[in-house]
Amino acid sequence: METEFTPWLSLFGGILIGTASVLLMGLRGRILGATGILSGFFMPESSTDWAWRAFLLAGMFTGPVAYMLLTGSWAALDVPTPMNLLVIGGVLVGLGASLGGGCTSGHGVCGMARLSPRSIVATLTFMAFTGLTVFVIRHLMGA
Amino acid sequence: MRLVATYFVGLVFGLGITISGMSNPAKVINFFDVAGTWDPSLAFVMGGALIVTFIGYRLVFRAKAPICEPQFYVPNRRDIDAKLVGGSAIFGVGWGITGFCPGGAVPAIGTGDYRVLTFAASMVAGMFLARWLTRAYGRIKFSAQPAE
């Protein structure tokens with residue numbers, strides 16, 4: 001399925017993502033990594049460590065709603081994956097990103113911006129494996 | 001007040017993810033499908049986010065502490081271990097299968113779409129599995145060598 005090339009919208013979205021990452025560091029001294037924030041929400045270390053995660057997540061959830069209010073329509077959401085593979089892939093994403101200590105936001109943006117060697121290795125690794133997986137599914141298995 | 005500010009940080013992130021296309025799996029998968037229906041948009045997401053964060057962090061770290069906390073909570077490990085590489089590889093396979101990464105999927109929960117909710121619930125289950133595995137086997141497999 002083709003999707004439209006959107007360089008300006010994507011660049012603007014990326015600038016907002018970066019802005020949020022800088023603001024969270026400036027306000028709370030935390031890495032804006034979706035994996036760490038979500039797992040810390042479900043497995044909190046203390047009650048004071050929990051509240052900021054809950055409010056940050058609530059803000060994230062209202063992102064697509066704000067988009068709808070601003071533009072008058074929901075953002076495109078095309079899911080080409082069947083439900084059983086969404087479950088398997090979801091478990092792999094949660095398991096892998098937790099073991100690897102972060103995902104696209106934590107390692108890919110915040111860690112890379114700090115030039116952290118762990119984040120650079122993690123980002124190159126998951127990008128390579130994502131590309132490989134997409135190639136196998138689309139071109140070798142023909143899905 | 002601090003929590004309200006934190007809420008708005010989340011809103012900026014969620015809006016950015018939505019506008020950028022990171023919460024649309026078809027677009028994400030097309031970024032990686034160089035041999036097929038390639039859509040290079042996500043390079044612009046990554047580029048925009050990295051430039052802003054790279055410069056912004058350097059300004060923020062001039063301060064001794066963040067505004068609402070006594071210190072910065074920044075990871076300082078530099079060692080590359082099997083857990084980092086193996087975990088990232090597993091994450092990549094899952095991202096390739098679904099087109100959802102955690103940062104893309106979490107804001108999309110706000111749409112209430114049942115496919116996003118299914119993915120998100122499975123992802124949280126995977127996080128609990130990681131915690132359990134680390135606790136059960138961590139001392140043997142992962143912490144055999146002391147972290148520097």
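What you're looking at is a predicted model, so local features need pLDDT of at least 70 and side-chain atom pairs count only at pLDDT 80 or more, while totals for chains, interfaces and linings use all residues. Residues are numbered from 1 along each chain as its sequence is written, chains are lettered from A and ligands numbered from 1 in the order in which they are written, and side-chain values use heavy atoms, with hydrogens and water left out.

**Where the chains meet**

- Chain A puts 106 residues into the contact and chain B puts in 104 residues; contact here means heavy atoms within 4.5 Å.
- The size of an interface is often given as the accessible area lost when the parts come together.
- For chain A and chain B, that buried area is about 9,700 Å², with carbon and sulfur atoms giving 76% of it. Buried area is the accessible area (1.4 Å probe) that two parts lose on being put together, summed over both.
- Between chain A and chain B, the count is four salt bridges.

**Salt bridges inside chain A**

- Side chains of opposite charge can pair when their charged atoms come close. A salt bridge is counted when a side-chain nitrogen of Lys or Arg lies within 4 Å of a carboxyl oxygen of Asp or Glu.
- Over all chains, the structure holds 10 salt bridges.
- R30(A) pairs with D49(A) in a salt bridge, with the closest N and O atoms 3.6 Å apart. This pair links distant parts of the chain, 19 residues apart: R30(A) sits in the loop between α1 (7-28) and α2 (34-42), and D49(A) sits in helix α3 (residues 47-71). Helices are DSSP runs (H or I, at least four residues), numbered from the N terminus.
- Why does R30(A) count as buried? Because its relative accessibility is 14%, and buried means under 20% relative accessible area (exposed is over 50%, partly exposed in between; 1.4 Å probe, protein chains only).
- D49(A) counts as buried too, because its relative accessibility is 10%.
- D49(A) also meets R53(A) in a salt bridge (3.1 Å, N to O). R53(A) and D49(A) are four residues apart in helix α3 of chain A, so about one helical turn separates them.

**Salt bridges across the chains**

- D79(B) and R118(A) form a salt bridge at 4.0 Å, N to O. The pair crosses between chains, from the loop between α3 (41-60) and α4 (82-98) of chain B to helix α6 (residues 117-140) of chain A.
- R118(A), R77(B), D79(B) and D81(B) belong to one network, joined by salt bridges that share partners. Both D79(B) and R118(A) are buried.
- E69(B) and R28(A) also meet through their side chains in a salt bridge (2.9 Å, N to O).

**Helix α6 of chain A**

- α6(A) has 24 residues and reaches 33 Å from its first C-alpha to its last, close to the 34 Å expected at 1.5 Å a residue. That expected span is 1.5 Å times one less than the number of residues.
- Its buried residues, including F126(A), V134(A) and R138(A), pack against α5 (104-113) of chain A together with α2 (25-32), α3 and α4 of chain B.
- G142(A), whose phi is positive, near 70°, follows α6(A).

**A nonpolar surface patch**

- L115(A), I120(A), L124(A), I51(B), F54(B), I55(B) and L59(B) make a nonpolar surface patch of about 670 Å².
- α3(B) gives the largest share of the nonpolar patch, four residues. I55(B) is found in helix α3 of chain B.

Conventions:
Helix = DSSP H or I, 4+ residues; strand = E, 2+ residues; numbered from the N terminus. Patch = residues over 30% accessible without salt bridge, like charges linked within 9 Å, V, L, I, M, F, W, Y side chains within 5 Å. Areas by Shrake-Rupley, 256 points an atom, 1.4 Å probe, with all protein chains shown as cover.
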